[in-house]
Amino acid sequence: MKINHSNIKKAKKFLDNEECVAVPTETVYGLAANAYSDIATKKIFQLKKRPRNNPLIVHYSNLNDLKKDCLINKEFLKLYKKFCPGPLTFILPLKKKSKISKNVTNNKKNLAVRFPKHKIMRALLKKVNYPLAAPSANLSTRVSAVNPNDVKDDFGEKIKYILNGGPSSIGVESTIIDIVKNPKILRLGGLKISEIQKTLKKRIRIENNPKKISAPGQYKLHYSPGIPIKLDVKKANNNQAFLLIKKQKDDQPNYYYLTKTRNLNEAARNLYSTLRQIKKDKFKYIVVQKIPSIGLGKTINDRLLRASKF
Ligand code: TXA
Ligand code: MG
């Protein structure tokens, strides 16, 4: 999708006026506001109906701007060089003199930061004079939005402006790594853990156990489409939506393909729109074909598991 500079100007105007704007990223759409403004960041929590103790990710266009707000370390630099801009979020220590609004971190000393790759988002970040705090642009407990229509479905007229960047190319949220001390993964996401391990040349702990919550996004209910889900199922009844990754011999109205060729990147890209569609089609139950736990399959299973336990 081409960059439309007048749309970027419009988005900037709302942001400069301390309003929230929906923005495209390669992972999912974000609900953005000036991360330095108390007024603007407060609006994010109100619009999303998000608990105030759930901190926000801040999006930067370059390393120099990040250094004004955060302390960095060797491991950060290794990962930054390899994967940024891209679907990776870092937890870093906040500098004492940082201008980040207290609303963003809920008064805590660490900040989640990301360098998105989507070219329209990057063009916007270059234009504004502040970093953008942006959680996923969905109502709290709904699945994330991956195109402008999802954002409209959740927020209707309440949102001032949606910057159109087409459908998100990755379709699941960024991977979160905490590198304040020993690196640990807090959320599986769009970047494979194996890639991170290869770059840091060591095994990284995954600490997304819901019993040890440090990111509220780890609550089981967080990604719920509001319908019970059962995983690793071979056959579905026709009143159950059947989520598939491999082409079936027959054709049924309750079949929903994430991919027909077991391409797990494609499956991740289609996951949230498919869950939203199933809900619109009024199915009361979802069953899922076995999805291999490799690459982005791990992230897909993580999201489905969270949605299935309630
Ligand atoms: O791909 C993404 O990461 C998208 C796009 C818009 O960038 N954003 C996103 O934001 O998924 P959100 O707010 O929906 O999820 C961010 C997660 C939340 O679970 C939050 O609790 C966690 O990151 N988080 C934020 N700040 C943190 C911090 N300082 N320490 C630990 N976890 C943090
Ligand atoms: Mg979210």
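Student: What makes strand E4 (residues 88–93) and strand E7 paired strands?

Tutor: Two strands pair if DSSP finds at least two bridges between them. E4 and E7 are joined by 4 bridges, so they meet that rule, and they run parallel. Within this pair, Phe90 stands opposite Ile177 in E7. Before we go on: this is a predicted model, where local features need pLDDT of at least 70, side-chain atom pairs count only at pLDDT 80 or more, and totals for chains, interfaces and linings use all residues. Residues are numbered from 1 along each chain as its sequence is written, chains are lettered from A and ligands numbered from 1 in the order in which they are written, and side-chain values use heavy atoms, leaving out hydrogens and water.

Student: What makes something a strand or a helix here?

Tutor: Both are DSSP runs, numbered from the N terminus: helices (H or I) have at least four residues, and strands (E) at least two. The protein has 10 helices and 13 strands. Strand E9 spans residues 205–206, so E9 meets the strand cut-off of at least two.

Student: In which sense do E7 and E8 pair, and over how many bridges?

Tutor: E7 (residues 175–178) and E8 (residues 184–187) pair in the antiparallel sense over 3 bridges. Ile176 stands opposite Arg187 in E8. The two strands form a hairpin, with 5 residues between them.

Student: Why is the β-α-β unit of E8, helix H8 and E9 called right-handed?

Tutor: Look with the strands pointing away from you: a crossover is right-handed if the path from the first strand over the helix to the second runs clockwise. The unit made by E8, H8 (residues 193–200) and E9 is right-handed, so its path runs clockwise in that view.

Student: Which strands are the edge strands of the sheet?

Tutor: The open sheet has 9 strands in the order E1-E2-E6-E3-E5-E4-E7-E8-E9, with mixed pairing. Its edge strands are E1 (21–23) and E9, each pairing on one side only.

Student: How do you know whether the radius of gyration agrees with a compact globule?

Tutor: The globule rule is 2.2 Å times the number of residues to the power 0.38, with the radius taken over C-alpha atoms. With 310 residues, the rule gives a value near 19 Å, and the protein has 19 Å, so the two agree.

Student: What makes a residue buried, and what percentage count as such?

Tutor: Buried means under 20% relative accessible area (exposed is over 50%, partly exposed in between; 1.4 Å probe, protein chains only). Of the 310 residues, 57% count as buried.
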